[in-house]
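Work through these exercises with the model open. Each task is followed by a solution in steps.

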Amino acid sequence: MVKIILKPLTIKLGRDLWNQRFQCLAIVAIVACGISSLFTSRCLITTLKTAMEQYYTNERFPDFFVKTVPLSLQQASRVEKVPSLSGIQPRLVVDASFSLSGQSHDPLIAKMVAVPKVHEETLNCVVVRQGMSLSEMTSNQVLVSGVFAEARKVKIGDELQVMLGGKQVSLEVAGIAIAPEFLFQMRDGAGVPDNQRYAILWMRYDDLASAVSMSGYFNSLLLATRTPDRSELIKDQITQSLPTDAVLVVENRSEQISHRYTTNAIDQLYSIAIMPPVIFLSVAAFLIYIAMSRLIKTERQNIAILRSFGYSIFETGQHYALFIVIVVASGCLVGTVVGWILAHQATAVYASVYRFPSLPVQFDPWALGYSIAAAAAAGLLGGGLSVWKAATLAPAIALRPEPPASYRATWIDRVASWINLGSLNRMIVRGILRWPVRTGLGILGIALGIGSMVMGGYTQGAIQYVIDFEFFLTRRYDIMVQMKEGTSESAIGELLRLPGVLACEAFESEACKITVGDRQRTVILYGLQDDAQLVCPVDDDLKPVSIPPQSVALTAELFEALQVSLGDSVEVELLNGSNKIVNIPARAQVSDYAGLNAYLSLNDFRKWFRNDKSVRGACLQVQTDHIDTVTRMLNQRPKIVAVTVKSKAIENFLETDSKNILLFRFFNMLFSSVIGIGAVYSIASISLFERQRDLALMRVLGYSANETGRVLVGELIVMMVLAIPVGCLSGYLFACLATWMLNTETQRIPILVQPDVYIASSLVSCVSCAISAFIILRRVHFLDCIALLKSKE
Amino acid sequence: MPNAPDLYQLQNVSKVFHLDGVDVQALRGIDLSIREGEFIVLLGASGSGKSTLLNLLGGLDRPSGGMIHYGQKMLSTFDDAQLTRFRREELGFVFQSYNLASSLTAIENVRLATEIVVDPIPAKEALEMVGMLDRMNHFPSQLSGGEQQRVAIARAIAKRPKVLLCDEPTGALDVGTGVRVLSVIQEIHQRIRPTIVIISHNAVIGEIADRVCYMSDGKIIRDESNTQRRLASELQW
C-alpha cells in the first residue's frame, strides 16, 4: 500500500478550506455561474458559426439574392458578364395561400420555390431530411420545409390544397427539406416567425411555371461570387447586366432575412458572453476578498510562525494564494462542466429555431481559455491584496494579537441620543458604520444579485409590451387580407358585408428603398387611409400620428439610420419594378419595434405609385366569435391571395417563445439566487466571525440565542433594505445596457422594466436573505461561549 | 452568614469532556454547598477544574454526573431556555478578559445588561459604584484594562444579581489595578450582599473571602473558612 505523506502546510491548507467550507462553497457556486454563462455563450457562438459556415459551404449558400420582374430564362445568362461570378441560379418564387387537407381552415401562406432542373444543384442546394429528392419528384408533388412540417405535424403523403394562378391545385407531400436560404424561416416583413402558418414549398419548375403561366421565365436569381466583399460594385453590375427596370431588389448576405437574423442571434450571444460573467465574477471577487480577509485575521499567529521559521515572502504568499487558486479553480471546473451541459440544452433550443442539417455542440478551447482567465482575474482582484498583506506581514507585528475594534462616537450617536435605540440596535448601527467598505460591498453584492435578476426578467415584460404595441396598439385589426392586383374598390364593401365584420379599411404595402445621399435602407412602405383606425401608427407618447399630406412618416430608427431630421426630403423607390422615384419630405416620426417601416397616406401612395384605384390589401375588425367563419369565407374567394389572422400569429409566437424564455428565466433565477445567497451568507458569516465574542457575551448575560442573533439578522435586514433600491437601479441600468447591446435596426425591445419584475427580484433576494439568516442563527445557537470569552482579545 | 440558607448544593458532581475520542475528567465527585451572601474564592492551579466548576455554577454548562441544586430548583436538569432565564435573572459574570461589547460605550455596555431585567440598578448608579461615571461615554478601546474591568463589574451588578461569578478578575491586571478591582468587588459585596464566587490561581485573593476552597485534579482538596478577612486594599502579590 502506498502511503501518501502530505506536507504540514498542505494539511493546514486542507483544514483552512474545510473550516471555511460554506463560504468557499458560496464562492465556488458564484464563480461557476459566471464561468458557465461565459462558457455556454462561447461554445454556442462556435457551434452556430461552425454549423453555419459548413452549411453555407456544403450547400452553396449564395452571395446575392435578386428579385426581378418575370424574365425569360435565356436572359439569366446576361448576368454571367458580371466579373468574378462563380454561380447563377434562376428560379421562380411565388407566394400562395394553401390549406392542409383534413386540418382546420387556417389561412396558410407558402413561398413556392421552383428551380429549372439544370440549375438545381448550382446554388442553395435543398437538403432532403425525409422522403424524395427534388429530382425524384413527380408532378403535383412538393417538398415541405422542416420547421413547418414539424409545427404542423405534416407527414409524407399528406395533401395540400394550394391556390396557384387562381385555381386550387392539390399537391402531395413527397418529402421534408431544408435549405440554407431558409435557415431561419420568416416571411418578409412579418416581424416575427410564424412556423404554424408559413411554409416553404419546393416544386418542380415545369409544374409551378405552368400553374402560374410563367413557363420559361424566372423572377428570382441567386448568385455566388469570388469577391463577395465588393458588394456594392457587384450589385450595380448585376442591375446593369439585366434589362432596365427588371431588377426589383438586390440583397447581399447581410441583407438577406435568414442570414441577418442568424448573425444577429450570434451577435447577441457575444453580449451574453460579456455581461452576466462580469456581474457574477465581480461578486465572486468581493466574496474572495471577504473570505481572505477573515482567513488572514485568524492566521496572524501562523503567519508569524511561518515567517519566523524562515519561510520566505514568496512561500508564505504561495500558501495563501493556493487557497484562492483551489476555490477559483473548483468554481471554474464546475462552471465549465455546467456550461458544457447548458450548451447542449441551449443548442437544442437554437436547433428548433435555426434549421441546420446537424448542430453538434462544438467544444471551444478558447472558451476554456477565456473562462480560466476570467476566473483568475476574479481571484486576483479579490484575493491579491490579502495574500500580499499576509506574505509581507512582519513577524513581530503578526505575533501581537490584532488590536480590538476601535469605535468612536459619530453623528449617528448624536442623532441616536434623541431616540431610544436600545443596545441591540446600537450594535447593529455601529457594526455597519464600523466597516463601511465591507457594508458597502455587501450591499453592492446583494444589489448585483437583484440587478441580474431584473436584467433576466425584464425581457419577458418588454416582449409582451412589444406584442401589445405591435398587435393591439398600432395594428388593431383581427384579419389582414392581401388581394390580387386589379381588385376593385367595391371589394371593401363586399368584405364589410361578411358576417361579424365590424370595420374594413383598405391599405397598401410594398417593399421600397429609401435613399438619402449614400445612405439607403429597404423598408416596408404603408399607405393608410386618412381616418385609419385599424392600422394606427403612434408616436413615442403612444398618441396616434396623423400623417401630414404630401409627406412620409418614418420611425426614429430610420431617421437615425438615414441621418435626416424632421422636414428633410428622402428619396422613395418602390421595389415592384415600377422604377418610380419620388422625393418626399419626412414630416412625421412614429414609434415602432419590429422591422423598418414608413407610412404615407393612402391617397399619396396611390397618387405617386399606382395608376389606378384598385385595392391590394384590407384590414378587418371582426367579432371574435365570427373570426373562424370569416377566415373560411375569405379563403374561398379567388381574388384573395393571403389571409393573416392576428390572434393565431400571436398564439404561435408566444407558444414557441415561452418555452425558450422559461428555460432561460429558470437559469437566470437560479444563478441570481446563487449570487443573493452567496453574498448574503458570506456577509453574515464574516459578521458572525467578527462579532462572535460580543454574541457569546450576550448569551452569558442572559440573552436568548434568537435575541442574540437579532444583531446579525438586523444588520442583514438593514443591508437588504439598502440593497433593494440599489439593486433595482442597477437592474434598470443592466436592462438599458442589455437593450443597447441586443437591439438591432430591425428588431428592438423597449427599456421597460415592469414593477412586478422589481418586486419579484427583490422578493427572491429577500428569500435568499432569510435562508442565510436562518443558517447563521443556527450557528449562533452553537456558539462556544466559554471558549470565546476566555480567549484573548 | 453562617445561618443563611444554602443557595447552591452540589452533590457528587462530575464533568467529563469528550475531546476527539479522548475523555478528559475535569471534575470528580464534587460536593459543595454555597450559602446566600457568601463570598467564596476557589483557588487552584491551571487545569484543577475551577473554571469548569464556575461554568456549571453559572449555567454555562451541564454536569456529566451528580446534581446541582440552586435554591429549591435542580439546576443540572435545566434546558437551554431555563438556563438562559437563570443567567438573565440570577447571575452576574465578570471575566478575566473583561469582554465588553466593543461597539458600545461604557454606559451602553451596562444598559446591555439592565435592558433585559426588571428593576435593575440604573446604569449611571452602577457606574458610580465602581467609580467609572466620568468615563461612561467612552468606548472600550478608549479605556485601560482596569477601567474596562470596573465597567464589566458595573455591568454584572447592575442586574441586581443574587450571584456574582468572577473568573480570574485580576488575571490580566497589574497589582495596583488588580487591588482596585478587588476593592470594588468587596465594596459591592458589602453594599448589596450578593453571593460572590471568585476563581483564581492567586492564593492572596483568598484573604478577602469568607471561605476558600482549594482545588486540584478536579476535586476540592481543602475547604477553609476565613476568620480573619482582610481588606482588598491591604493585599500585595
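**Exercise 1.** List the buried residues of α1(B) in this predicted model.

Solution. 
- Compare with the helix as a whole. α1(B) spans residues 50-57, and eight of its eight residues are buried. The helix is therefore mostly covered, with 20 or more other C-beta atoms within 10 Å as the cut-off for each buried residue.
- B:Gly59 follows α1(B) and has a positive phi, near 70°.

**Exercise 2.** Describe how α13(A) and α20(A) cross, and name the residues in contact.

Solution. 
- Locate the helices. In chain A, α13 covers residues 423-434 and α20 covers residues 705-742.
- Take distance and angle. The axes come within 9 Å and cross at roughly 55°.
- Classify the angle. It makes α13(A) oblique to α20(A).
- Assign the hand. The crossing of α13(A) past α20(A) is right-handed.
- Name the contact. α13(A) supplies A:Leu424, A:Asn425, A:Met427, A:Ile428, A:Gly431 and A:Ile432. α20(A) supplies A:Arg710, A:Val711, A:Gly714, A:Glu715 and A:Val718.
- Sort by type. The contact has six nonpolar, three polar and two charged residues.

**Exercise 3.** Where in chain A is confidence lowest, and where is it highest?

Solution. 
- Begin with the chain. Mean pLDDT for chain A is 84, and 92% of its residues reach 70 or more.
- Helix α12 (residues 411-416) of chain A has the lowest confidence, at a mean of 66.
- Strand β5 (residues 141-145) of chain A has the highest, at 94.

Technical notes. Residues are numbered from 1 along each chain as its sequence is written. Chains are lettered from A and ligands numbered from 1 in the order in which they are written. This is a predicted model: local features need pLDDT of at least 70, side-chain atom pairs count only at pLDDT 80 or more; totals for chains, interfaces and linings use all residues. A residue is buried if 20 or more other C-beta atoms lie within 10 Å of its own, exposed if 12 or fewer, and partly exposed in between; C-beta atoms are placed from the backbone. Helices (H or I, at least four residues) and strands (E, at least two) are DSSP runs, numbered from the N terminus. Axes are lines fitted to C-alpha atoms, for helices over the stretch in contact, and angles run from 0 to 180 degrees between N-to-C directions. Angles under 35 degrees count as roughly parallel, over 145 as roughly antiparallel, 65 to 115 as roughly perpendicular and the rest as oblique. A crossing is left-handed if the near helix is turned anticlockwise from the far one by less than a right angle, and right-handed if clockwise. Two residues are in contact if their C-beta atoms, placed from the backbone, lie within 7 Å. Ala, Val, Leu, Ile, Met, Phe, Trp, Tyr, Cys and Pro count as nonpolar, Asp, Glu, Lys and Arg as charged, and the others, Gly among them, as polar. pLDDT is the predictor's confidence in each residue, from 0 to 100.
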